[in-house]
Amino acid sequence: MSVRRLAEPAVQPAAFAFDQTKAAEVRTWIAKYPKGREQSAVIPLLMLAQEQEGWVTKAAIEHVADMLAMPYIRVLEVATFYTQFQLKPVGTRAHIQVCGTTPCMLRGSEELMDVCRSKIHHDQFHTNADGTLSWEEVECLGACVNAPMVMIFKDTYEDLTPERLAVIIDEFEAGRGDTVKTGPQTDRWFSAPASGFTALKDEKNVLKATRAAPSAPPPAELKPDAAASEPSNAARPKTDAPVTNPALKSPSDVKVSPEVEKAASAPTPKEDAVAADRSEPLVEGASRKRRSRTPSDAEVPSGEGMKTKAGAAEQQAAADDADAPATEPTVADAPSLDDRNRPIAMARPAAPDQLQMISGVGPKIEGVLHSIGIFTFAQIAAWTAEERAWVDGYLRFRGRIDRENWVAQAKALAEGGEEEYIRVFGRKPR
Ligand code: FES
């Protein structure tokens, strides 16, 4: 990284102003930020100044600072920190940025820089004799798969050879830069394999082969070798310490003093402040657990090293139970409940419905529902508003049953099972 300073005063213009087109863009950019935060537009404004002048002049820095009511030094700091800003005059027809990072270097970026040295100037950041061209070495520009490459203005020129770069430079010098093809300079399609496709070349045959795959067991030599599949210990640290202290039990049966328990369950001032800010109520009682946000299918990451869907289902169940009462509730716990609204209980059937298919019902809540004689979707689907309120109060849910639409979910499951649930809700039940 070289020291980045403003160009010498001799080349600095006396003044700067955005032209009409750029001034309109400036207004658009400033309007994107909230009132009082307009200074956040400093980088886009400096970029617009650079696009207009070719480089960022001292006058442009001061002009942008005045527009955004910023001290000059603050804008100078930004302009000198980011290497995207050119602080010296560059070629009027092209400033060529040659990527010199490892993939491009391994694929010949040094030779490209030699071309720039011979055709433009020996040193980067110097213009050629006519002032039309300049060049610099930059870090990775994100087109490594098409290495080596250069960037001119906002376009990339990839899969370059020294000969092809020389032609491109000539075209820009002649003022015909806009006629040069951008992207890969070979006949490859963007970043497709340079030597042509090697797999999935014929979709029809692939599908045919997959469907016709024999169900016979694979030959012995292809069967996985159990011993070979053992996880590797190669990276395991050499230590005699046990992986887990066997003395530790989970959950811990260590008795804590009532004072410690009380202190641990008491909300911190921060928790209280957050709770006041949020519409979602905290669950009362010792746990004071906040309901976790439950991930949707779309949010479940996939791929190696990521959580599996099974893991997400477990998370979902845990989240559903997060508000469940720590101990099984009794009517005595909620004396305000009118027992006349209690849903009619039924005897446990031989095969109760899987109430956990209802989003919002975890194993713990299912257990509580069973304890009050609720075993089927049909029962929940038939709950009246009063009955819902009774169960909600019993579970101390503060409206969660309606928020999660248990009745509609249960109705769909009772009427048509999973298929009807998908039709109504557009997703699978858990
Ligand atoms: S290394 Fe050159 S584009 Fe990434």
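What share of the 430 residues in the chain is buried? I looked that up first: buried residues make up 21% of the chain. I call a residue buried if 20 or more other C-beta atoms, placed from the backbone, lie within 10 Å of its own, exposed if 12 or fewer do, and partly exposed in between.

A note to myself before going on: this is a predicted model, where local features need pLDDT of at least 70, side-chain atom pairs count only at pLDDT 80 or more, and totals for chains, interfaces and linings use all residues. Residues are numbered from 1 along each chain as its sequence is written.

**Entry: the overall layout.** I found 16 helices and five strands in the chain. Both are DSSP runs numbered from the N terminus, helices being H or I with at least four residues and strands E with at least two.

**Entry: the sheet.** I traced the five strands and got an open, mixed sheet in the order β2-β1-β3-β4-β5. Two strands pair here if DSSP finds at least two bridges between them. The edges are β2 (133–138) and β5 (183–184), each pairing on one side only. I then followed β1: with β2 it pairs in the parallel sense over six bridges, and with β3 in the antiparallel sense over three bridges. As examples, Q97 has E136 of β2 as its bridge partner, while V98 has V150 of β3. Further along, β4 (residues 155–158) and β5 are parallel over two bridges, and Y157 is partnered by G183 of β5.

Next I checked what packs on the sheet. Helix α6 (residues 109–119) touches β1 (94–99), β2 and β3 (150–152), and its direction makes about 155 degrees with that of β1. Helix α7 (residues 162–173) touches β1, β2, β3 and β4, at about 140 degrees to β2. Such angles run from 0 to 180 degrees between N-to-C directions, with axes fitted to C-alpha atoms, for helices over the stretch in contact.

Entry: Is β1 enclosed or open? Six of its six residues are buried, so β1 is largely enclosed by the rest of the structure. I saw A94, I96 and V98 covered on one side and H95, Q97 and C99 on the other.

I also looked at the largest nonpolar core, which has 23 residues. Such a core is a set of buried Ala, Val, Leu, Ile, Met, Phe, Trp, Tyr and Cys residues joined through C-beta atoms within 7 Å. Among the members that touch the most others are I96, V98 and L112. β1, α6, β2, β3 and α7 each supply at least two residues of this core. A second, separate core of 21 residues includes L355, W383, V407 and A412.

**Entry: two helices.** I compared α2 (residues 42–53) with α4 (residues 72–81): their axes come within 11 Å and cross at roughly 70 degrees. That makes α2 roughly perpendicular to α4, a word I use for 65 to 115 degrees. V42, I43 and L46 of α2 meet V75, V78 and A79 of α4, contact being C-beta atoms, placed from the backbone, within 7 Å.

Entry: Most residues other than glycine have a negative phi, and most peptide bonds are trans. A cis bond joins A147 and P148, with omega about -5 degrees, and P148 is in the loop between β2 and β3. A69, not a glycine, has a positive phi of about 55 degrees and is exposed. F125 has a positive phi of about 65 degrees and is partly exposed.

Technical notes
Contact = placed C-beta atoms within 7 Å. Parallel < 35°, antiparallel > 145°, perpendicular 65-115°, else oblique.
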